[in-house]
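Please read them alongside the coordinates.

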Amino acid sequence: MVRRQLPDVHELAQLMRFKRPELNAKKRRLDAALTIYDLRRIAQRRTPKAAFDYTDGSAESEISLARARQAFEDVEFHPDILHPAENLDTSCQILGGTSALPFGIAPTGFTRLMQTEGEIAGASAAAAAGIPFTLSTLGTTSIEDVKAANPHGRNWFQLYVMRDREISYGLARRAAAAGFDTLMFTVDTPIAGARLRDKRNGFSIPPQLTLRTIVNAIPRPWWWIDFLTTPPLEFASLSSTGGTVGDLLDAAMDPTISYDDLKTIRELWPGKIVIKGVQNVEDSKRLIDLGVDGIVLSNHGGRQLDRAPVPFWLLPEVVREVGKDATVMIDTGIMNGADIVASVALGAKFTLVGRAYLYGLMAGGRQGVDKTIDILATQLRRTMRLLGVGSLEELKPSHVTQLTRLVPLSRAAKEAAEAAPTRRGATRSRAQAPSASKASAEDAGNPRRSTTSRSARA
Ligand SMILES: Cc1cc2nc3c(=O)[nH]c(=O)nc-3n(C[C@H](O)[C@H](O)[C@H](O)COP(=O)(O)O)c2cc1C
């Protein structure tokens, strides 16, 4: 029998301590966000559809991005138990300097279109967090203004080599003069990928007012007020044509860029040079052999070639082939600090975040970017602690298994053939396999474990 008593008024009073309501709406909004996906939802509510879709979308059927995110979600972590890590050090050395966290802000074009604070919010948030900020060639804030927003921190400049070489090289010279320490040469954009959402939305630079945009603007008045009451978007390198971003890129980009351009860039850039958009082992080896300071395995957040290789899948093999001392960095699909931990464990020296930063920006300007960095850093620290590691150097491939859903047909067929003891058995195993990936996984004795399993690599 449960004994009952009259409620004690003092006990009741203690339970009734109400939190003071947060009157600042932006802070209230951002405080409620626990994940990058939460920031994405806020961003979507606050940003006109065309600008949100330009950011959120990728190319063609958007398969590259979905696969890249899925690859991170399919990570299995292996903690080391009874391995106390009292102090946690998340800092790293990257490209001749320090970063307080193993990620930086990726270059993004047209950033002030997403939210008016744009690159200034990104650069100043990066400065406060002690991480690098990368300004895009297609940025909407000048090189000098970004430097002023992050005067003592690390600024990197992303270079597109355009048809008009002098515009590109002139920007690089200006970035060097302003003290940017790294040049990131993007090589995956000979032409624009097919961003179908932009076409469907009739998205143009600068934005055009149509009946549809006006209806869409009604619940998002602040974006339009910001847009109309702040200085117009200025592009350092492009003249706005009223076309889509794809039209602009196609007019500006040179599909004939080659290794010769890399030679020229080396002559004009005094700092570190990184190649962004590397997507296979051979190119990685060639670039490292040529002496570049680093490579970024990236498919441009899925915005260029759809069904491109997943950078996270490439990572272990590239690190094995170029050597663990080479600076291999990675982006595309990072939505959680644990994705960064998994990348570092598999040999990445650094990572970049694109949309995670932009969702924060659209959700709340500078404070929203702070929130993005805070969410990723909190997830990263928690994952490291739960894994039993105290520093990034302690992260090892044995902490991570990459589980697979999709397996190349040739490998699956080979494994199925090897596993079949007799001709009859082989026939049966093929007949039972509804798909190549299922056949391979079942033959491996585990429904989802990849061939690069913990035991194979440990
Ligand atoms: C809206 C947007 C604009 C981008 N603009 C550029 C750019 O100007 N130059 C560049 O090298 N990469 C650009 N990227 C690619 C990012 O630098 C980065 O590779 C990508 O966002 C990483 O994937 P994630 O968004 O999943 O983090 C852009 C990405 C987005 C989402």
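1. Helix 7 covers residues 118-129, and its axis crosses that of helix 18 at roughly 20°, coming within 8 Å. Axes here are lines fitted to C-alpha atoms, for helices over the stretch in contact, with angles from 0 to 180 degrees between N-to-C directions. Helices (H or I, at least four residues) and strands (E, at least two) are DSSP runs, numbered from the N terminus. The crossing of helix 7 and helix 18 is left-handed; that word applies if the near helix is turned anticlockwise from the far one by less than a right angle, and right-handed applies if clockwise.

2. This is a predicted model, in which local features need pLDDT of at least 70, side-chain atom pairs count only at pLDDT 80 or more, and totals for chains, interfaces and linings use all residues. Residues are numbered from 1 along each chain as its sequence is written.

3. Which residues make the contact of helix 7 with helix 18? From helix 7 they are Ala 121, Gly 122, Ser 124, Ala 125, Ala 128 and Ala 129, and from helix 18 they are Tyr 357, Leu 361, Gly 365, Arg 366, Val 369, Asp 370 and Ile 373. Two residues are in contact if their C-beta atoms, placed from the backbone, lie within 7 Å. By class this contact has eight nonpolar, three polar and two charged residues. Ala, Val, Leu, Ile, Met, Phe, Trp, Tyr, Cys and Pro count as nonpolar, Asp, Glu, Lys and Arg as charged, and the others, Gly among them, as polar.

4. Helix 18 also packs with helix 3 (residues 36-46): the two axes come within 10 Å and cross at roughly 165°. Helix 3 is therefore roughly antiparallel to helix 18, and their crossing is right-handed. On the helix 3 side the contact is made by Ile 36, Leu 39, Arg 40, Ile 42, Ala 43 and Arg 46. On the helix 18 side the residues include Ala 356, Tyr 359, Gly 360, Met 362 and Ala 363, and also Lys 371 and Ile 375. The contact of helix 3 with helix 18 has nine nonpolar, three polar and three charged residues.

5. Helix 5 and helix 16 (residues 311-322) have axes 8 Å apart and pack at an angle of about 60°. That makes helix 5 oblique to helix 16. Ala 68, Ala 71 and Phe 72 of helix 5 meet Pro 311, Phe 312 and Trp 313 of helix 16. What classes are present in the contact of helix 5 with helix 16? Its residues are six nonpolar, no polar and no charged.

6. Two backbone angles deserve a look. Most residues other than glycine have a negative phi. Glu 60, which is not a glycine, has a positive phi of about 50°. Glu 60 is in the loop between helix 4 (49-56) and helix 5 (63-73). Leu 82 has a positive phi near 50° as well, and lies in the loop between strand 1 (75-77) and strand 2 (92-94).

7. A residue is buried if 20 or more other C-beta atoms lie within 10 Å of its own, exposed if 12 or fewer, and partly exposed in between, with C-beta atoms placed from the backbone. Glu 60 is partly exposed because 16 other C-beta atoms lie within 10 Å. Leu 82 has 5 C-beta neighbours inside 10 Å, so Leu 82 counts as exposed.

8. For the whole protein, 46% of the 458 residues count as buried. The protein has 22 helices and twelve strands. Among contacts between residues at least 6 apart in sequence, 74% join residues at least 24 apart.

Technical notes. Angles under 35 degrees count as roughly parallel, over 145 as roughly antiparallel, 65 to 115 as roughly perpendicular and the rest as oblique.
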